[in-house]
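Colleague: I have a few questions about the terms you use. Could you bring up the structure and take me through them?

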Amino acid sequence: MKILVAVKRVIDYNVQIRIKEDGSGINTDNVKMSTNPPDDNAIEEAVKLKESGKAKEIVAVTIGEEKAQETVRKALAVGADRGIHIKSENYIEPLGIAKILKKIVEKEKPDLVFLGKQAIDDDCNQTGQMLAALLGWPQGTFASKIEHKNKVIEVTREVDEGLETIEINLPAIITCDLRLNEPRFASLPNIMKAKKKPIEQLNVKDLSVDISNRIQQIKVEEPPKRKAGIKVASVSELVSKLKNEAKVI
Amino acid sequence: MSILLIAEHNNLNLKVFTLNAITAASKIDNEIHVLVAGNKCENVAKEVSAIPLVKKVLYSDSENYENFLPENLTPLIVKLSESHSHIIAAANTFGKNFMPRVAALLDVSQISDVIKINSSDEFLRPIYAGNAFASVKSNDKKKCITIRPTSFEPASTSGGSAQIEKIEAVEAPTISKFIKREETKSERPELGTARIVISGGRGMQSGDNFKLINSIADKLNAAVGASRAAVDAGYIGNDHQVGQTGKVVVPDLYIAVGISGAIQHLAGMKESKVIVAINKDGEAPIFSIADYGLEADLFEALPQFLDELNKLNTIQK
């Protein structure tokens, strides 16, 4: 089995973002960047399948500026075999990303594609499902457990009501939830080894894919701030305030 | 313009978030058509036809739609979208699952998690876990939109009499199969719609200590939530998680106990009407957004809290 894993470089989840003063977006200059957290779960799951002998090869792919390559390099350090970096200087919407990934899937012919369920920057939660639709493949979104059974894969999904289990035919798209596994850290020797693994570089312009953006970002602004409240001295004061002032109990 | 809104249900009853999505849709256009696709779900179609804001119910009954597999639902929605300008669903795990499939096949860029409708093509949505709001304009001919349900009031459910039109099922691919659904059973109200939520964090120190939270939840008829730290530590199941990667809640009262207030947690609860924080660390960031902060050891404060509640003559339910 061959697995393709798509990874994205985003502002690190621990960083408090800063909105640009002109409202044109988020400041990313001199900001710590990392792999999108559920993408780490995607890589981990692929590596586990390889370790169990079910997968032969793992290819990690990313789309983005020159430095996005670091995200692929990290995937190589935890166990991916080779990387693909599609260079693009501009923001591409999930629809465009899905179209690019479709091209890569047609070329690489993987049996499974793993992605994170959502990127923590634009919070769209679309790319995996869109890729599945464009390929006519089934999808297992918000996966918290997967079990590979010959030509099908059983996926346990985290849904609002609890858990849902489905069985989907291969080839398939899986979008990974944070509880799917515990991503490992790359060891120093593996980081050194990853430097020798190949990363193929492509330019988005050479793929002849329509990546035109359809959504115009008019303004990015701070959400309304909550007024700081008061500190109460005791539990009885708290209950009295909730009862008589806020009138919520 | 007309709207195709996809109803969420369990073949017996309509799910409440559909009502919030209908309210959002009504701010775009009055011509709201609601698709009820399922198996033997005539009751749901009738329920929807009684919603005054709904103009027409499109009712499609087939075994293929019983479990709402996105591979099966998408061809039906794509076909029906021909005569509609906006395709709308709630931004929960139901809507998030199929809407991007529909958008991709229509060659449309979806707008996810809309919290405000500015016009028929301009919307407000949170990005970076709600740490920024983006105003966006869709230049696509058709719009695929998911609505954050907690940002809109639910539509009224009685008094309407919309026509129910039967829609032929569309052939579905046989590439996915439903196996089972394990619903979390609880006597308490659902986290997403509860009027009061009380959540515990890492400060609870163990799963057993959540009984302190549970007894207050029982007293207040509240839902029980948790921070990601508490879930990751195994104190409580992940279906209780409030936050960016869990559920977004907007109750009248949110009580955060032993929760420091990480960005990821705040994203899931900071729109609550009244926020209470109980934490022994006076510097915890949760206090900066709390209406009422109590700096105290939760193991002393929670039993006292229950005592005080027991002293009250009446408690709003």
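Colleague: How many helices and strands are there in chain B?

Modeller: Chain B has eight helices and 16 strands. Both are DSSP runs numbered from the N terminus, helices being H or I with at least four residues and strands E with at least two. This is a predicted model: local features need pLDDT of at least 70, side-chain atom pairs count only at pLDDT 80 or more, and totals for chains, interfaces and linings use all residues. Residues are numbered from 1 along each chain as its sequence is written, and chains are lettered from A and ligands numbered from 1 in the order in which they are written.

Colleague: What makes the radius of gyration of chain B agree with a compact globule?

Modeller: The rule is 2.2 Å times the number of residues to the power 0.38, and the radius is taken over C-alpha atoms. For 317 residues a compact globule would come near 20 Å; chain B has 21 Å, so the two agree. The C-alpha trace of chain B spans about 60 × 40 × 40 Å along its principal axes.

Colleague: Which domains is chain B divided into?

Modeller: Domain 1 covers 3–166 and domain 2 covers 196–311. The bounds come from an automatic or database domain assignment. The C-alpha centres of the two domains of chain B lie 32 Å apart. Five residues from domain 1 and seven residues from domain 2 make the contact, where contact means C-beta atoms, placed from the backbone, within 7 Å.

Colleague: How many residues does each chain bring to the contact between chains A and B?

Modeller: Chain A brings 63 residues and chain B brings 70. Strand E9 of chain A gives the most to that side of chain A, with eight residues. The chain A side divides into 31 nonpolar, 13 polar and 19 charged residues. Ala, Val, Leu, Ile, Met, Phe, Trp, Tyr, Cys and Pro count as nonpolar, Asp, Glu, Lys and Arg as charged, and the others, Gly among them, as polar.

Colleague: Why are H4(A) and H4(B) called oblique to each other?

Modeller: The axes of H4(A), residues 127–135, and H4(B), residues 93–105, come within 8 Å and cross at roughly 50°. Axes are lines fitted to C-alpha atoms, for helices over the stretch in contact, and angles run from 0 to 180 degrees between N-to-C directions. Under 35 degrees is roughly parallel, over 145 roughly antiparallel, 65 to 115 roughly perpendicular, and the rest oblique. H4(A) and H4(B) are therefore oblique.

Colleague: Which residues meet there?

Modeller: Among them are A:Gln129 and A:Met130 in H4(A), and B:Asn97 and B:Pro100 in H4(B). The residues of this contact divide into eight nonpolar, two polar and one charged.

Methods:
Contact = placed C-beta atoms within 7 Å.
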